[in-house]
Amino acid sequence: NQSHTNWYCIVSDDASNASSLAMIVKTCQSDDRFQIFPHRDNLGFYLNFERALSYTPIDADYVALCDQDDFWYPCKLRRLLDASGSDVSLTYSDMKLVDESGATISDSYWTTRRNNYDNLHTLMAANTITGAASLFHRELLDVVLPFPPRIADAYHDHWIALTAFLTGRIQYIPEALYDYRQHARNIIGHTSFTRRKAGRVRRSKTNKRTTARFW
């Protein structure tokens with residue numbers, strides 16, 4: 001139901017069971033903008049996002065990531081596109097937090113942590129650019145793919161955010177454009193970043209060492 005209708009959706013199925021795959025096929029079969037890529041090997045969410053991105057059509061102008069249990073507002077793609085200028089590598093928005101039934105938990109993601117998209121040191125230490133909130137130029141895939149080996153709790157959207165930061169400008173829209181569903185089976189959910197001062201000092205020193213190695 002997007003107000004911007006010129007889109008193509010890639011569904012990369014990460015070795016779901018037969019009944020789940022059948023439900024996906026039934027849901028998508030009435031709209032030829034959806035293309036399903038089933039797989040027998042389960043890679044996990046990190047490498048499955050890499051696999052999905054590898055299917056991006058060469059003639060696509062932009063890429064937007066969609067987590068399967070989130071709910072996009074009809075204006076999401078249009079608002080992200082309108083905010084994406086020629087010098088912008090990636091645009092992302094705020095999001096509303098909802099529970100399993102869709103009831104509002106928070107009208108904004110930024111409740112206990114600070115948003116950051118203009119400081120490399122901080123962005124390297126803790127990503128604030130959520131993949132499902134983002135839209136980026138297709139050319140960024142030339143740098144993003146292949147993903148680096150996953151280290152600790154590093155995620156696909158953190159890698160994409162860092163490459164976008166280093167190759168162009170990041171634009172933020174302070175408006176919730178989708179519902180970010182929180183439930184017991186979230187692989188990645190909303191995280192509180194309330195910390196004591198001593199913890200911030202220690203992480204600041206680690207930040208500097210990590211950045212030095214990165215450069």
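## A salt bridge inside the fold

R51 and D14 form a salt bridge, with their closest N and O atoms 2.7 Å apart. R51 sits in helix α2, while D14 sits in the loop between β1 and α1 (18–28), so the pair ties together parts that are 37 residues apart in sequence. Both residues are buried. The model described here is predicted.

D41 has a relative accessible area of 41%, so D41 counts as partly exposed. Together, D14, D41 and R51 are linked in a network of salt bridges.

## Other salt bridges

The structure holds 6 salt bridges. One of them joins the side chains of D87 and R169, at 3.0 Å from N to O. This pair links distant parts of the chain. D87 lies in the loop between α3 and β5, and R169 lies in strand β8. The two are 82 residues apart.

## The overall chain

The chain has 215 residues, and 40% of them count as buried. Its secondary structure comes to 7 helices and 8 strands. The chain exposes about 12,600 Å². Carbon and sulfur atoms supply 52% of that area.

Contacts reach across the sequence. Take the contacts between residues at least 6 apart in sequence: 76% of these join residues at least 24 apart.

## Helix α2

Why is α2 described as largely enclosed by the rest of the structure? Because 7 of its 10 residues are buried. They are Y46, N48, F49, E50, R51, A52 and L53.

The buried residues of α2 pack against several elements. Two are helices, α5 and α6. The others are the strands β1 (9–12), β3 and β7.

## The nonpolar core

In soluble globular proteins, nonpolar side chains tend to be buried together. The largest nonpolar core in this model has 38 residues. Those with the most contacts inside it are L53, L90, Y92, F136 and I160.

## Strand pairing

β7 pairs with β3 and with β5. β3 and β7 run in the antiparallel sense, over 3 bridges. In this pairing, Y62 stands opposite H137 in β7. β5 and β7 are also antiparallel, and 3 bridges join them. Here T91 stands opposite L135 in β7.

## Cysteines

How many disulfides does the structure contain? The count is 0. A disulfide is a covalent bond between the sulfur atoms of two cysteines. The sulfur of C9 has its closest cysteine sulfur in C66, at 6.4 Å, which is too far for a bond because the cut-off is 2.5 Å.

C66 lies in the loop between β3 (62–64) and β4 (71–72). Its relative accessibility is 44%, so C66 counts as partly exposed. The C-alpha atoms of C66 and I10 are separated by 9.6 Å, although these residues are 56 apart along the chain. C9 has 22% relative accessibility, so C9 is partly exposed. C75 is partly exposed as well, because its relative accessible area is 27%.

Methods: Residues are numbered from 1 along each chain as its sequence is written. This is a predicted model: local features need pLDDT of at least 70, side-chain atom pairs count only at pLDDT 80 or more; totals for chains, interfaces and linings use all residues. Side-chain values use heavy atoms; hydrogens and water are left out. A nonpolar core is a set of buried Ala, Val, Leu, Ile, Met, Phe, Trp, Tyr and Cys residues joined through side-chain atoms within 4.5 Å. Buried means under 20% relative accessible area, exposed over 50%, partly exposed in between (1.4 Å probe, protein chains only). Helices (H or I, at least four residues) and strands (E, at least two) are DSSP runs, numbered from the N terminus. Contact means heavy atoms within 4.5 Å. Accessible areas come from the Shrake-Rupley method with a 1.4 Å probe; for residues, only the protein chains shown count as cover. A salt bridge is a side-chain nitrogen of Lys or Arg within 4 Å of a carboxyl oxygen of Asp or Glu. Two strands pair if DSSP finds at least two bridges between them.
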